[in-house]
Amino acid sequence: MATPHVAGVAALLLQAKPFLTPEEMKTLLMNSVYDYGTFAKDNNYGAGRINASRAFNEINFTKTGNTTKYDKVHNIFVPSGTKEIRVTLYWPENYSVHSDVDLYVLDPSGKIRDYSLSQYNTDEMVKIFNPNAFGWWKILVNPSDVNGVIIFFKSVSVILLIFYYPLLIFHSV
């Protein structure tokens with residue numbers, strides 16, 4: 001029964017933002033799911049259960065970027081009381097050439113707090129619980145093996161939890 005739910009949420013998101021591209025839609029839905037098991041796709045739970053409310057909160061914070069063989073750094077501000085940081089990176093490819101792009105999340109001191117280095121996917125996802133370091137964080141997009149220019153789509157959310165209900169308080173791209 002997942003397909004009808006995803007199609008319905010996608011239709012509502014397109015009604016709210018008609019010029020959302022298919023790649024932006026995929027990135028937005030991937031970043032906003034209720035996740036079971038490990039964050040990101042897995043064989044037991046797939047990509048997670050769709051979360052329409054979170055997707056609508058994040059709709060204006062999914063952005064497009066590009067990279068070649070050089071790192072791209074994006075800054076986000078993480079306020080005090082943050083309970084979760086989520087970052088999703090997705091890049092569509094043609095199947096004749098595969099590119100490997102890695103994702104790192106660095107805290108304000110420059111320490112790598114989490115990373116995703118999957119080699120045979122076209123997406124990278126990171127979720128950090130209770131970051132306990134507040135200030136300007138860096139999202140590093142590292143093209144470790146890229147041919148030409150890669151167009152990527154990125155969604156970042158910083159979430160504060162109040163009374164066990166997720167409340168999205170800040171986004172940055």
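Is Y115 buried, partly exposed or exposed, and what is its relative accessibility? Y115 counts as partly exposed because its relative accessibility is 47%.

The model is predicted, so local features need pLDDT of at least 70 and side-chain atom pairs count only at pLDDT 80 or more, while totals for chains, interfaces and linings use all residues. Residues are numbered from 1 along each chain as its sequence is written, and side-chain values use heavy atoms, with hydrogens and water left out.

## Overall layout

The chain contains three helices and nine strands. Along the sequence they follow the pattern α-α-α-β-β-β-β-β-β-β-β-β. Helices (H or I, at least four residues) and strands (E, at least two) are DSSP runs, numbered from the N terminus.

Of the chain's 173 residues, 45% count as buried. The chain exposes about 9400 Å², and carbon and sulfur atoms supply 57% of that area. Accessible areas come from the Shrake-Rupley method with a 1.4 Å probe, and for residues only the protein chains shown count as cover. Among contacts (heavy atoms within 4.5 Å) between residues at least 6 apart in sequence, 71% join residues at least 24 apart.

## Nonpolar cores

In soluble globular proteins, nonpolar side chains tend to be buried together. A nonpolar core is here a set of buried Ala, Val, Leu, Ile, Met, Phe, Trp, Tyr and Cys residues joined through side-chain atoms within 4.5 Å. The largest nonpolar core has 20 residues, of which I76, I85, V87, L89, V105 and W137 touch the most other members. Strands β2 (72–78), β3 (84–90), β4 (100–106), β6 (123–129), β7 (135–145) and β8 (150–162) each supply at least two residues of this core. The largest share of the core, four residues, comes from β8. Another core, of nine residues, lies apart from it and includes V9, L13, L29 and A55.

Leaving aside neighbours within four places in sequence, W137 is in contact with H74, N75, I76, V78, I85, V105, L106, D107, P108, R113, I128 and P131.

Helix α2 is largely enclosed by the rest of the structure, because seven of its 10 residues are buried. Those buried residues are E24, M25, T27, L28, L29, M30 and N31.

The loop between α2 (22–31) and α3 (52–58) holds Y45. Y45 counts as partly exposed because its relative accessibility is 48%. Together with Y34 and Y36, Y45 forms a nonpolar patch on the surface, with about 310 Å² of accessible area for the three together. Patches are made of residues with over 30% relative accessible area and no salt bridge; like charges are joined within 9 Å, and nonpolar side chains (Val, Leu, Ile, Met, Phe, Trp, Tyr) within 5 Å. A salt bridge is a side-chain nitrogen of Lys or Arg within 4 Å of a carboxyl oxygen of Asp or Glu.

## Aromatic pairs

The structure holds two aromatic pairs. Rings of Phe, Tyr and Trp (its six-membered ring) pair if their centres lie within 6.5 Å; planes under 30 degrees apart count as stacked, over 60 as edge-to-face and the rest as tilted.

| Pair | Centre distance | Plane angle | Class |
|---|---|---|---|
| F77 and W136 | 5.4 Å | 65° | edge-to-face |
| Y104 and Y115 | 6.1 Å | 35° | tilted |

The pair of F77 in strand β2 and W136 in strand β7 links distant parts of the chain, 59 residues apart. F77 is partly exposed, with a relative accessible area of 31%, whereas W136 counts as exposed at 54% relative accessibility. The pair of Y104 in strand β4 and Y115 in strand β5 (residues 112–116) links positions 11 residues apart. Y104 counts as buried at 18% relative accessibility.

M125 lies in strand β6 and counts as buried at 9% relative accessibility. The C-alpha atoms of M125 and D114, 11 residues apart along the chain, are separated by 9.8 Å.

The loop between β6 and β7 contains N130 and N132. N130 has a positive phi of about 45° although it is not a glycine, and N130 is partly exposed, with a relative accessible area of 38%. N132, also a residue other than glycine, has a positive phi near 50°. At 63% relative accessibility, N132 counts as exposed.

Definitions and conventions
Buried means under 20% relative accessible area, exposed over 50%, partly exposed in between (1.4 Å probe, protein chains only).
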